[in-house]
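This report walks through one protein model, part by part, for a reader who is new to looking at structures. Please keep the sequence and the picture at hand while reading.

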Amino acid sequence: MSGGPVNAAAARVDVVFPCLNEEGALPWILGRLPRGYRAIVVDNGSTDRSAEVAREHGALVVTEPRRGFGSAAHAGLLAATAPIVAFCDADASMDPRDLPRVVDPVASGAADLVLGRRRPTSRGAWPLHARVANRALASLMRGATKLPLHDLGPMRAVRREAMIALDLEDRRSGYPLELVLRGHEEGWRILEVDSPYSPRIGRSKVTGTIRGTYIAVLDMSRLLRAQRR
């Protein structure tokens, strides 16, 4: 069941939504948060009404002028106060009602980090070039960690204090991969669960474009090379 706006004291989970021009998707997303989940929308340089729309729908809005997925995600992490922090794209490709899939194993103590493996709901949900790139990166990630992981999907959950302690450095597309690699080094129990993945609302800045995918692959490949040293 979804609830209304949640204040910081009542939040069991803070959900960070890195955001760049997502005013069309935000009303749907913010209206589908489970009860006890608080939205933190990190405006990463939007030129539309994303920040205003987020505030109108009860989200905490954080402004992060330094462009980059990692910059936005980390700003949201630092603004969070709930014991568990989840991350989710703000483009409506993933349903916030599915957040308990990744949060519950962390809350129960069964895992330290849970990743949502994208399962497309239609042929157009995940562009072919992005799927191919993801498979290649996932193979390298499995080689680096020996973990049975298949995706660095945009939905994930972790305990806030543990993630802050990792002191992640990447501020671009490699941020999610650095979280996995550093968490693995610390002996975290990392779990992957299936998460439905639908066509996004609006134009993608990363996986929907060949250039965005190429930049993400470069960022993540750099981290994986450093891991092997």
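## A β-α-β unit

Strand E2, helix H2 (residues 50-56) and strand E3 form a β-α-β unit that is right-handed; a crossover has this hand if, with the strands pointing away from the viewer, the path from the first strand over the helix to the second runs clockwise. The names follow DSSP runs numbered from the N terminus, where helices are runs of H or I with at least four residues and strands are runs of E with at least two.

This is a predicted model, in which local features need pLDDT of at least 70 and side-chain atom pairs count only at pLDDT 80 or more, while totals for chains, interfaces and linings use all residues. Residues are numbered from 1 along each chain as its sequence is written, and side-chain values use heavy atoms, with hydrogens and water left out.

## The chain as a whole

The chain contains eight helices and seven strands. Of its 229 residues, 53% count as buried, where buried means under 20% relative accessible area, exposed means over 50%, and partly exposed lies in between (1.4 Å probe, protein chains only). Among contacts between residues at least 6 apart in sequence, 76% join residues at least 24 apart, a contact being heavy atoms within 4.5 Å.

Strand E2 covers residues 37-43, and seven of its seven residues are buried. In a regular strand the side chains alternate between the two faces of the sheet. In E2 both faces are covered, with Tyr37, Ala39, Val41 and Asp43 buried on one side and Arg38, Ile40 and Val42 buried on the other.

Which strands pair with E2? Strand E1 (residues 13-19) runs parallel to E2 and is joined to it by seven bridges, and strand E3 (residues 60-63) also pairs with E2 in the parallel sense, over four bridges; two strands pair if DSSP finds at least two bridges between them. Within these pairings, valine 42 of E2 has proline 18 opposite it, while valine 41 has valine 61 in E3 as its bridge partner.

Strand E5 (residues 113-120) pairs with strand E6 (residues 156-159) in the antiparallel sense over three bridges, and with strand E7 (residues 190-197) in the parallel sense over eight bridges. Leucine 115 stands opposite arginine 156 in E6, whereas arginine 118 has serine 195 in E7 as its bridge partner.

Arginine 118 also lies over the face of tyrosine 197, at 5.4 Å from the ring centre; a charge sits over a ring if NZ of Lys or CZ of Arg is within 6 Å of the ring centre and within 35 degrees of the ring normal.

## Two buried aspartates in loops

Aspartate 91 is found in the loop between strand E4 (84-87) and helix H4 (99-108). Is this residue, aspartate 91, buried or exposed? Aspartate 91 counts as buried because its relative accessibility is 6%. The side chain of aspartate 91 makes a polar contact with the side chain of serine 93, at 2.6 Å. Such a contact is a pair of N or O atoms within 3.5 Å; within protein, one must be able to donate a hydrogen and the other to accept it, and residues adjacent in sequence count only if both atoms are side-chain atoms.

Aspartate 151 is found in the loop between helix H5 and E6, and aspartate 151 counts as buried because its relative accessibility is 1%. Its side chain reaches the backbone nitrogen of glycine 153 at 3.3 Å.

Asparagine 21 has a positive phi of about 60 degrees although it is not a glycine. Asparagine 21 lies in the loop between E1 and helix H1 (26-30), and is partly exposed, with a relative accessible area of 31%. Lysine 146, in the loop between helix H5 (128-145) and E6, likewise has a positive phi, near 65 degrees, and is exposed, with a relative accessible area of 70%.

Helix H7 (residues 175-185) is mostly covered, with eight of its eleven residues buried, among them Tyr175, Leu179 and Gly183. Glycine 187, which follows H7, has a positive phi near 85 degrees.
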